[in-house]
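Please look over the sequence and the model shown here before reading on.

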Amino acid sequence: MTGAEPTPARSAVGGDKGFVRATLHARWRPWLSVGAVAVLAGLMFSASVRLADGGGADTRDPQDLAQLVDAETGRVAELTERTSELDREIETLSARAGTTVPTQDGDLVEREGVVSGSAPVAGTGLTVTLDDAPSTSVGAGPGGVEPQPDDLVVHQQDLQHVINALWAGGAEAMTLQGERVTSTSAFRCSGNILLLHGKVFSPPYKVTAVGDPAKMESALMSSEGVQTYLEYVDWVHLGWDVQSSDHLDLPAYGGGGLQYATVPDGTEVFG
């Protein structure tokens with residue numbers, strides 16, 4: 001036996017024609033197999049080349065490590081140049097601002113400190129003291145009218161009338177129970193106690209103001225709310241005292257700064 005393709009035997013059916021057709025099939029079968037393998041090899045080679053190319057050097061994700069390094073190096077160079085441009089722009093604007101923006105006047109800074117309460121104040125002024133009525137005031141008053149418990153204590157509106165009158169009389173700075181009164185100060189009375197700046201105070205209540213004593217006292221006497229309080233002073237003997245001073249020292253506001261909402265860390269504000 002040899003490795004050659006066996007010669008087909010003649011068939012009894014079909015005669016010579018069947019013998020010729022079988023002989024042709026046997027001769028072409030090896031060549032068709034070789035051609036199919038060659039075509040498949042070509043397709044695989046083409047696909048391999050396309051995959052290795054990765055779509056070109058201009059794609060966002062190069063498949064070749066060298067191309068990736070070159071692309072990222074170029075991006076870093078562009079960002080570095082942009083950063084340098086922004087630094088130069090900041091320097092230019094800073095230099096321009098330093099020469100064109102005027103410095104704040106020292107007197108203005110001092111006045112702002114007085115108004116805001118951030119600076120201590122000293123000078124002439126008044127001290128007004130309000131107090132609850134003594135226990136001897138319980139009982140029938142003039143005309144047989146008996147005072148009610150609310151008539152015997154200093155109320156929030158009584159302090160507000162005094163403070164507003166002092167401001168109207170030209171007070172430059174003020175304290176209530178030694179606490180500096182500012183534009184954000186808010187006090188509240190609950191029963192016969194005073195709540196101010198997170199602290200609790202009991203009577204007597206002292207309001208101290210720096211300014212012209214004569215003008216502030218005149219403003220007190222012109223206030224309708226103060227005049228109503230003085231009527232109760234005469235009736236149930238609520239406490240009332242006004243003292244003028246040649247020198248008063250008012251401390252700066254010692255409370256914390258303003259509280260405000262902030263964006264949580266990691267939150268994108270300007271997307």
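**A serine and the sheet beside it**

S185 lies in the loop that runs between β3 (179-180) and β4 (187-190), where helices (H or I, at least four residues) and strands (E, at least two) are DSSP runs numbered from the N terminus. The model is a predicted one, in which local features need pLDDT of at least 70 and side-chain atom pairs count only at pLDDT 80 or more, while totals for chains, interfaces and linings use all residues. Residues are numbered from 1 along each chain as its sequence is written, and side-chain values use heavy atoms, with hydrogens and water left out.

**Around S185**

- The side chain of S185 makes a polar contact with the side chain of H197 at 2.9 Å; a polar contact is a pair of N or O atoms within 3.5 Å, of which, within protein, one must be able to donate a hydrogen and the other to accept it, and residues adjacent in sequence count only if both atoms are side-chain atoms.
- A polar atom of the S185 side chain also lies 2.8 Å from the backbone nitrogen of T182.
- When residues up to four places away in sequence are not counted, S185 touches R180 and H197, contact meaning heavy atoms within 4.5 Å.

**The sheet**

- An open sheet is formed by 5 strands in the order β3-β2-β7-β1-β8, with antiparallel pairing; two strands pair if DSSP finds at least two bridges between them.
- The edges are taken by β3 and β8 (239-250), each of which has a single partner strand, so one side of each is left without a neighbour in the sheet.
- Helix α5 (residues 213-222) packs on the sheet, where it touches β1 (121-131), β7 (205-210) and β8, and its direction makes about 30° with that of β1; axes are lines fitted to C-alpha atoms, for helices over the stretch in contact, and angles run from 0 to 180 degrees between N-to-C directions.
- Strand β2 (residues 173-176) pairs with β3 in the antiparallel sense over 2 bridges, and L176 stands opposite E179 in β3.
- β2 is also joined to β7 by 4 bridges, the two running antiparallel, with M174 opposite A209 in β7.
- β1 and β7 pair in the antiparallel sense over 6 bridges, and the bridge partner of V128 in β7 is V207.
- Of the 6 residues of β7, 5 are buried, so this strand is largely enclosed by the rest of the structure; buried means under 20% relative accessible area, exposed over 50%, and partly exposed in between, with a 1.4 Å probe and protein chains only.

**G178**

- G178 has its place in the loop between β2 and β3, and it is partly exposed, with a relative accessible area of 46%.
- The C-alpha atoms of G178 and Y253 are separated by 9.9 Å, although these residues are 75 residues apart along the chain.

**The second largest pocket**

- Residues lining the second largest pocket include D150, D151, H155, H161, Y229 and Y232; a pocket is an open set of points, on a 1 Å grid over the protein atoms alone, where a 1.4 Å probe fits, with protein on both sides within 12 Å along at least five of seven lines, and lining residues have an atom within 4 Å of a point.
- α6 (224-236) and α4 (156-168) each supply at least two residues of this lining, and α6 gives the most, with 4 residues.

**The whole chain**

- The chain holds 6 helices and 8 strands, and buried residues make up 25% of its 271 residues.
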